[in-house]
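Biologist: I am new to reading helix packing. Could you take me through a structure step by step?

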Amino acid sequence: MASLAPLLQKLDPERMMEDGGLARATIAIKILAQKAITEPSTGGAIVEAGGMRIILQTALLHPVPALREGVIVAVLGCLQSADSAAFVADSLHQQLPVALVRLCSELDRRAKR
């Protein structure tokens, strides 16, 4: 699989603030989510590209729900993959479980309003 670095770079906050950056990030998330669902090596490629941190930042901090949801779809696809050992190891190192609990608690708080 080709490096996912170009897709992950489009999730950088500075890149998203450029003209058309949000649209490029949205497309990148859709591609990333599709790859995570269909290609077992996507999780390993994310780790190889050093992309776990930007994925977690997007999931937790981005104000656009479609981007947050797309990242979560990608994460779930990577976790369900038969080839997820490297992704799981890096996600634990980057504290993905803590991030997911935080994300769920924020969603729960929003739902009660």
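Predicted model: local features only at pLDDT ≥ 70, side-chain atom pairs only at ≥ 80, totals over all residues.

Biologist: How do I describe two packed helices?

Modeller: Use the angle between their axes and the distance between the axes. Take helix α3, residues 21-38, with α6. Their axes are 8 Å apart, at an angle of about 20 degrees. Angles under 35 degrees count as roughly parallel. So α3 is roughly parallel to α6.

Biologist: What is the handedness of the crossing of α3 and α6?

Modeller: The crossing of α3 and α6 is left-handed.

Biologist: Which residues of α3 and α6 meet?

Modeller: On the α3 side they are L22, A25, T26, I29, L32, A33, A36 and I37. On the α6 side they are A66, L67, G70, V71, V73, A74, G77 and C78. Sort the residues of this contact of α3 with α6 by type: 13 are nonpolar, three are polar and none is charged.

Biologist: Now α5. At what angle do the axes of α5 and α6 cross?

Modeller: Helix α5 covers residues 52-61. The axes of α5 and α6 cross at roughly 135 degrees and come within 8 Å. Therefore α5 is oblique to α6. The crossing of α5 and α6 is left-handed.

Biologist: Which residues make the contact between α5 and α6?

Modeller: From α5 come I55, T58, A59, L60 and L61. From α6 come L67, R68, V71, I72 and V75. The contact of α5 with α6 divides into eight nonpolar residues, one polar and one charged.

Biologist: And α7? How do α6 and α7 pack?

Modeller: Helix α6 spans residues 65-80, and helix α7 spans residues 85-93. Their angle is about 125 degrees, with the axes 8 Å apart. So α6 and α7 are oblique to each other. V75, C78 and L79 of α6 make the contact with F87, V88 and S91 of α7. By type, the contact of α6 with α7 has five nonpolar residues, one polar and no charged.

Biologist: Let's turn to burial. Which residues of α6 are buried?

Modeller: Buried means under 20% relative accessible area. In α6, the buried residues are L67, R68, G70, V71, A74, V75, G77 and C78.

Biologist: What about V73: how accessible is V73?

Modeller: V73 is found in helix α6. Its relative accessibility is 37%, so V73 counts as partly exposed. V73 touches A33 and I37, leaving aside residues up to four places away in sequence.

Biologist: Is S91 buried or exposed?

Modeller: S91 is found in helix α7. With a relative accessible area of 3%, S91 is buried. Leaving aside residues up to four places away in sequence, S91 touches M52, L79, L96 and P97.

Biologist: And L92, buried or exposed?

Modeller: L92 is also found in helix α7. Exposed means over 50% relative accessible area. L92 has 53%, so L92 is exposed.

Biologist: Next, distance. How far is L92 from G70 in sequence and in space?

Modeller: L92 and G70 are 22 residues apart in sequence. In space they are 20 Å apart, C-alpha to C-alpha. Now try V73 and K30, which are 43 residues apart along the chain. Their C-alpha atoms are separated by 9.2 Å.

Biologist: What separates A45 and S3?

Modeller: Along the chain, A45 and S3 are 42 residues apart. Their C-alpha atoms are separated by 6.3 Å. A45 is found in helix α4, residues 42-48. A45 has a relative accessible area of 10%, so A45 is buried.

Biologist: Where does Q95 lie?

Modeller: Q95 lies in the loop between α7 and α8. At 47% relative accessibility, Q95 counts as partly exposed.

Conventions:
Residues numbered from 1 in each chain as written. Heavy atoms only, no water. Axes fitted to C-alpha atoms, helices over the stretch in contact; angles between N-to-C directions. Helix = DSSP H or I, 4+ residues; strand = E, 2+ residues; numbered from the N terminus. Parallel < 35°, antiparallel > 145°, perpendicular 65-115°, else oblique. Contact = heavy atoms within 4.5 Å. Nonpolar A, V, L, I, M, F, W, Y, C, P; charged D, E, K, R; others polar. Buried < 20%, exposed > 50% of the residue type's maximum accessible area, 1.4 Å probe, protein only. Left-handed = near helix turned anticlockwise from the far one by under 90°.
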